Amino acid sequence: MNTIDKFNEHVMGTYGRYSLVMDSGSGETATDDNGKKYIDFGSGIGTNSLGYCNDDWADAVCEQVRKIQHTSNYYYTKVQADFAEKLTEAAGMEKVFFGNSGAEANECAIKIARKYSFDKYGKGRHNIITLVNSFHGRTITTLSATGQDVFHNYFFPFTEGFIFVKANDIDDLRAKLDDTVCAVMFEHIQGEGGVNALDQAFVDAIYELTAAKDVLTIADEVQTGIGRTGKFLAGDNFGHKPDIVTLAKGIAGGLPMGACLTGKKCAGVLTSGTHGSTFGGNPVCCAGGLEVLRKAADPAFLAEVTKKGEYFRKKLSEIPEVSGVSGIGLMIGISLKTKDAKEVAKSALDNGLLVLTAKDKVRLLPPLTITYDEIDAGMKILADILK
Ligand SMILES: *Cc1c(COP(=O)(O)O)cnc(C)c1O
């Protein structure tokens, strides 16, 4: 039986998959099982931040897997300590909890926000404001937090306690930020929602209005973090530090990891027995993450991400079919005048280029290490499709 038939016979059909079996990758190029090569403008979904099988990263991961691949979180490991030190330093935060995905990182943030409020104010101040069109994950609670009606189906009952505010609508935020609210949770650039950056004025308003009421700020940087926007955190582009930051996707270069970081205010909220994860902070993932940070936390590397982002944007602006380019750095949304984004993604695949979509846009999340030659080669394919 061929791979696709075998796969479909045994794996649940939760994805609309392309008919293609990925086999290997090197640098910014993936190869399928027929030997066809693809320039990668998607990096998984923003996960392979250093491209495929980067040598330093692969060495660090392999060395760790031969040393100790896992131990219970009842013990300490040096590699988790090293990674936590570097990560909190790069993010400008105080403490971290490690899980295995973005959804888990957000679950942790939600638990911290509610417990912070419970410890200080007692019951009843548990609501969390999130934004319309947001995306926060696939667990029941993070689906509940996601401000898109299409996700609030089938799995009833959903978790209570989320209030949706229109992105960039300061009046709506002010009206809904009442005494039942313990936190405001937001993506600086809504990723799945269509690569839409928040207005600076709205982000300013979030910080101003929450500070007055001891309401926490939670930045979901699962997609925008770890250098994606040319700053280590997307929030750094807006000049504010939230109380809680969540990270995942690109954090460990393609290994499963999520992290929930807090500043001083919430550093002591989760105490022994209040949260946990069997695999969280796995040594192999931490070793991969350390290698990602060695590169992506370096200001010179981040400046390159910004320059490459500008280069992409300039090239895209020269394509007549493109009506707009959104996002920051190497998080890029492309609005099209007449063509359908999903059709474009399919043609790109046929022509040896991997791109993503988000709502009606073509979305690019290339590896942060992508070279100008690869950008040129990929952009030529995209430009030809958009002719
Ligand atoms: C992908 C994503 C998530 C969910 O991450 P998983 O690792 O799939 O659980 C949450 N928030 C944002 C902003 C994301 O882009």
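1. Lys 213 forms a salt bridge with Asp 179, the closest N and O atoms lying 3.8 Å apart, where a salt bridge is a side-chain nitrogen of Lys or Arg within 4 Å of a carboxyl oxygen of Asp or Glu. Lys 213 sits in the loop between α8 (200–211) and β10 (216–220) and Asp 179 in the loop between α7 (170–176) and β7 (181–186), so the pair ties together parts that are 34 residues apart in sequence. Lys 213 is partly exposed at 35% relative accessible area, whereas Asp 179, at 66%, counts as exposed; buried means under 20%, exposed over 50% and partly exposed in between, with a 1.4 Å probe and protein chains only.

2. The model is a predicted one, in which local features need pLDDT of at least 70 and side-chain atom pairs count only at pLDDT 80 or more, while totals for chains, interfaces and linings use all residues. Residues are numbered from 1 along each chain as its sequence is written, and side-chain values use heavy atoms, with hydrogens and water left out.

3. By the rule given above, the count comes to 20 salt bridges. One of them joins the side chains of Glu 94 and Lys 264 at 3.7 Å, N to O. Glu 94 lies in the loop between α4 and β4 and Lys 264 in the loop between β12 and α9 (283–296), so this pair ties together parts that are 170 residues apart in sequence.

4. Within helix α9, Lys 295 and Glu 291 lie 4 residues apart, about one turn of the helix, and their side chains meet in a salt bridge at 3.6 Å, N to O. Both Lys 295 and Glu 291 are buried. Salt bridges that share partners join Asp 56, Glu 291, Arg 294 and Lys 295 into one network.

5. Antiparallel to β16 runs β17 (residues 361–364), joined to it by 3 bridges, and Thr 357 stands opposite Val 362 in β17.

Note on methods. Pairing = 2+ DSSP bridges. Helix = DSSP H or I, 4+ residues; strand = E, 2+ residues; numbered from the N terminus.
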